[in-house]
Amino acid sequence: MASLSTLSTQKDSLSSQDERPPLVAKRLEKFKTTIFTQMSSLAIKHGAINLGQGFPNFDGPDFVKEAAIQAIKDGKNQYARGYGVPDLNSAVAAWFKKDTDLVVDPEKEVTVTSGCTEAIAATMLGLINPGDEVILFAPFYDSYEATLSMAGAKVKGITLRPPDFSVPIEELKATISKNTRAILINTPHNPTGKMFTRVELETIASLCIENDVLVFTDEVYDKLAFEMDHISMASLPGMYERTVTMNSLGKTFSLTGWKIGWAIAPPHLTWGVRQAHSFLTFATSTPMQYAASVALRAPDSYFLELKRDYAKKKAILVEGLRAVGFTVYPSSGTYFVVVDHTVFGQKDDVAFCEYLIKEVGVVAIPTSVFYLNPEEGKNLVRFTFCKDEGTLRSAVERMKEKLFKK
């Protein structure tokens, strides 16, 4: 039987081990706990209304949920084919044709992934070599830089600046080099809500063809385009052969927890994506794939109603933020709005968001985490309007009552 002194020594040893710094590979040392996790945790602690992380506080459509339940009851519960169940691959190809007029082979050019985040990772890891240069438009979704770091890429940033976040074409031309492997585009754009214009996309396409550069496009908000039509880069002349188009179910159908995504690319690019996918997740949830195939075949009326509903939510938030005193920048797509917080006297975006949570009871996301140089985002914060109207109104009222200019 161990003595008390022995047990005490063992306890001290375990305590000492617990205090050791966490181990992480050098390529991921700079990446901390995601800002979404940090802010959501603070929201729970302080009872704040969460307009930070981009997930709806309402459920997806019943017809899609019923399809998932039926698939489970029908015994579709074992590993799916690695690159997707045939029904979903066909549904993705049909969806893409309807949007772009491009005919793709669902067996050779569509890869189903565990959310768009995995599609991003599989694309980076499958097609980027260590030392390759990849151009990002800042601010950007935080997984882009992290997965490129895992791939050993050299990240080059082009900053989109308010008020319209337009692409600085001359800077882009100067940044592209013989080492540039790819440009990553997110349109509609998280966090700004910017939609890349046809002129911007055509100019980028011309530069990519001229310099033999690939394009990776994240289009998860394509059905949340409010003030202009979404244009898929792959649909432009000469671009399908050098483009990987990534998308997902979650944003359009308010089912973010299902993590169903896909990547569409010509066979020579799909090969690399599938190689990486095979060793990341191998396969994606089987019953949810069958349900996703039902979702993608929804009638046009579903998407029209979705856009109308989000337009109402956007109006509530934007009008409320302006009334509170924020400078609100235009958002043509997504369910995000970026504002300038500086009139409220906090030193930067992180300090403002912490103050907003603790003293006002509302959560926003500091945008500095979306830049290679955090200083460029210190004046901006992001709000989301993917919440029910009551929640949005309550958040606005809290800010009107407790947030004052300094």
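**Close-up 1. Salt bridge between Arg-198 and Glu-202 in helix α8 of the predicted model.** The side chains of Arg-198 and Glu-202 form a salt bridge (a side-chain nitrogen of Lys or Arg within 4 Å of a carboxyl oxygen of Asp or Glu), with an N to O distance of 3.9 Å. Both residues belong to helix α8 (residues 198–211), four residues apart, and are thus separated by about one helical turn; helices (H or I, at least four residues) and strands (E, at least two) are DSSP runs, numbered from the N terminus. Arg-198 has a relative accessible area of 45% and is partly exposed (buried means under 20%, exposed over 50%, partly exposed in between; 1.4 Å probe, protein chains only). Glu-202, at 40%, is likewise partly exposed. The model is predicted: local features need pLDDT of at least 70 and side-chain atom pairs count only at pLDDT 80 or more, whereas totals for chains, interfaces and linings use all residues. Residues are numbered from 1 along each chain as its sequence is written, and side-chain values use heavy atoms, with hydrogens and water left out.

**Close-up 2. Salt bridge between Glu-227 and Lys-314.** The N to O distance is 2.9 Å. This pair links distant parts of the chain, 87 residues apart: Glu-227 lies in the loop between β6 (214–218) and β7 (243–248), and Lys-314 in helix α12. Glu-227 is exposed at 53% relative accessibility, whereas Lys-314 is buried at 11%.

**Close-up 3. Salt bridge between Asp-87 and Arg-297.** The closest N and O atoms are 3.3 Å apart. Asp-87 belongs to helix α4 (residues 86–100), and Arg-297 to the loop between α11 (286–295) and α12 (300–324), 210 residues away. Asp-87 is partly exposed at 33%, as is Arg-297 at 47%.
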